[in-house]
Structure formats: structure tokens, C-alpha cells
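Here is a briefing on one predicted model.

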Amino acid sequence: MRTYIINLKRSVDRRIYMEGQCRKLPFLNVEYINAVDGRNMSPDERTAAFDEKEFEKRYSVKVRPGEIGCTLSHQKCYKKIVEERLPYALILEDISLSVDIKAALEKIGEMMQTDIPTVVLLSGWYWYGNITHLEGEYKLANVYDAFLTHSYVINLAAAKLLIETRPYITADDWYYIRHKGVKLQAVLPHLINQLWDGDLTTTVNVEPGRNKSLKWKLLNLPRLSTMKFLKFIGHFEEA
């Protein structure tokens, strides 16, 4: 499976770590993508590449450099998929592997060869509805909303749909992506965790999370209510 690994060029230790992780996955055809470092972009470069005003309208906060860099890095992957006419590809950031993912990935690869724009998350932290069988112990969940971008499979149709001249979302705004026309699914239980602990924590977006503003919560009240209900009935997969 063609695989793009997003890695900051200066993070040599992280590259070495990821190479070690990939030795567990010899069936992957890996290419490293130099991550965009939003902190090193000038104001003019940011304005040309990213719509900060629309971001603020959507999230009711100002965008941070790490968020810009993360989104633009994933955009680079989508463009590579389209340029190379790949039927689908796996995108990884900083991951920690603990289970055998080969059989599940092979099954996902079969279902991704479709003209329907499709993304399958391999990560956790998602709210879901109906589920179907995928492979072995794993199921495939229809995702309502999700966060995190460290591991997912995306097909050509979805990559074409998600390329934007001046994006204005966070890379993990899967709610926006789903409403743009992407069939969003996830493996249950999830397959891959992000590298949060230890000496090598993730560096793709090193800025700490932040609480949503009251304005954002009020504007998204129906969405938040649905997420709360799904979690109440056990349809939430924690990371």
C-alpha cells in the first residue's frame, strides 16, 4: 500500500523512529513528505496559502501556525495522490503501533477502489452510527464526527474533492470533510495510536489543544448534542 508519512525535515530523530515503526510494516510502500512548518512562514506566505479570516469565522478563534502547517501538509499528500493517480493511499503522522494491521489494511484497500469519495480512519477519537463487519475482530463504523489525523486511508476521489487553493480548516475537521461529500468511516476498534508519550512526542502540530469558545459551542449546539448522545449510547471510540 502506498503510504505517505508526514515528517518535519528538522525532526531527524522522529524520522529514525518512524523508519523503525515501518520495519514492522514491510508491505507498505513508504514515501516521506516534508511537513509544512507554519511557524516558519511569513505573513504573506500564510495569506497566500491559507484563508485565516474564514478559519476565524468557522472556529471563532484565530488560527495558529501549527494548525496552518498541519493542514497544508495533508494538502500536499492529497495533491501527490492526484498527481500520481493512485487509487488510494495511507497517510501517517507520528504513530505508535501495537497490533497487526495488515489484514485489516488489505480489506480496506479492496473497498477503497471506488469512485465514491471515501476516507477510513485507523485512529480513535470518533463518534459513530451504524457498523458493519470488516475483517476478523474488526468492524467498520460510519463516522458522525472525529478528530486526529495521524492515520487514515483516503482514495483518489476523496483526495480530488479535498484539494483547496486556500484551505481554512484544521486538518482533522472531519465533520467539514464529511459534509463536503466524503464517505467517512473508521476501523472499530481503532488500529493505530498517535505518539503522545515518552521522549518522542508528536511534532507535526506541537501546540497544545484549546477549549472551544462559547460562540462556537452555541453555533454547533445540534452537532454537540448528537455527539453527546452517541457517546451516551456507547458509540464513541476513544483514542
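The largest cavity holds about 90 Å³ of space. The structure has two cavities of 30 Å³ or more. A search of the whole structure finds 17 salt bridges. This is a predicted model, in which local features need pLDDT of at least 70 and side-chain atom pairs count only at pLDDT 80 or more, while totals for chains, interfaces and linings use all residues. Residues are numbered from 1 along each chain as its sequence is written, and side-chain values use heavy atoms, with hydrogens and water left out.

**Largest cavity**

- A cavity is a set of points, on a 1 Å grid over the protein atoms alone, where a 1.4 Å probe fits but cannot get out. Grid points are joined across faces, edges and corners, and a volume is the space filled by probe spheres set on the points.
- Rolling a probe the size of a water molecule over the atoms shows where empty space is left.
- The lining of the largest cavity consists of T71, H74, Q75, Y78, L162, E164, I169, T170, A171, Y176, I177 and K180. Lining residues have an atom within 4 Å of a point.
- Helix α4 (65-83) gives the most to this lining, with four residues. Both α4 and α7 (174-179) supply at least two residues each. Helices (H or I, at least four residues) and strands (E, at least two) are DSSP runs, numbered from the N terminus.
- By class, the lining divides into six nonpolar, four polar and two charged residues. Ala, Val, Leu, Ile, Met, Phe, Trp, Tyr, Cys and Pro count as nonpolar, Asp, Glu, Lys and Arg as charged, and the others, Gly among them, as polar.

**Salt bridges**

- A salt bridge is a side-chain nitrogen of Lys or Arg within 4 Å of a carboxyl oxygen of Asp or Glu.
- E164 and K180, both in the lining of the largest cavity, meet in a salt bridge at 2.6 Å, N to O. E164 lies in the loop between α6 (156-162) and α7, and K180 in the loop between α7 and β9, so the pair ties together parts that are 16 residues apart in sequence.
- E164 is buried, with a relative accessible area of 13%. K180 is partly exposed, at 29%. Buried means under 20% relative accessible area, exposed over 50% and partly exposed in between (1.4 Å probe, protein chains only).
- R39 pairs with D37, and their closest N and O atoms are 3.0 Å apart. R39 is partly exposed at 39%, whereas D37 is buried at 13%.
- K62 and E56 also form a salt bridge, at 3.4 Å from N to O. K62 is exposed at 59% relative accessibility. E56 is partly exposed at 36%.
- R2, E31, K80 and E84 are linked in a network of salt bridges.

**Surface patch**

- F229, F232 and I233 form a nonpolar surface patch, with about 370 Å² of accessible area together. Areas come from the Shrake-Rupley method with a 1.4 Å probe, and for residues only the protein chains shown count as cover.
- Patches are made of residues with over 30% relative accessible area and no salt bridge; like charges are joined within 9 Å, and nonpolar side chains (Val, Leu, Ile, Met, Phe, Trp, Tyr) within 5 Å.
- F232 is part of helix α9 (residues 221-232). At 72% relative accessibility, F232 counts as exposed.

**Backbone points**

- The peptide bond between L188 and P189 is cis, with omega at about -5°. P189 sits in the loop between β9 (183-188) and β10 (192-194).
- S60 has a positive phi, near 60°, and is a residue other than glycine. S60 lies in the loop between α3 (52-59) and α4, and S60 is buried at 19%.
- W125, also a residue other than glycine, has a positive phi near 65°. W125 is in the loop between β5 (118-121) and β6 (126-135). Its relative accessibility of 32% makes W125 partly exposed.

**A buried loop residue**

- V182 lies in the loop between α7 and β9. V182 is buried, with a relative accessible area of 4%.
- From C-alpha to C-alpha, V182 and E135 are 22 Å apart in space, and they are 47 residues apart in sequence.

Methods: On a 1 Å grid over the protein atoms alone, a cavity is a set of points where a 1.4 Å probe fits but cannot get out, and a pocket is an open set with protein on both sides within 12 Å along at least five of seven lines; lining residues have an atom within 4 Å of a point.
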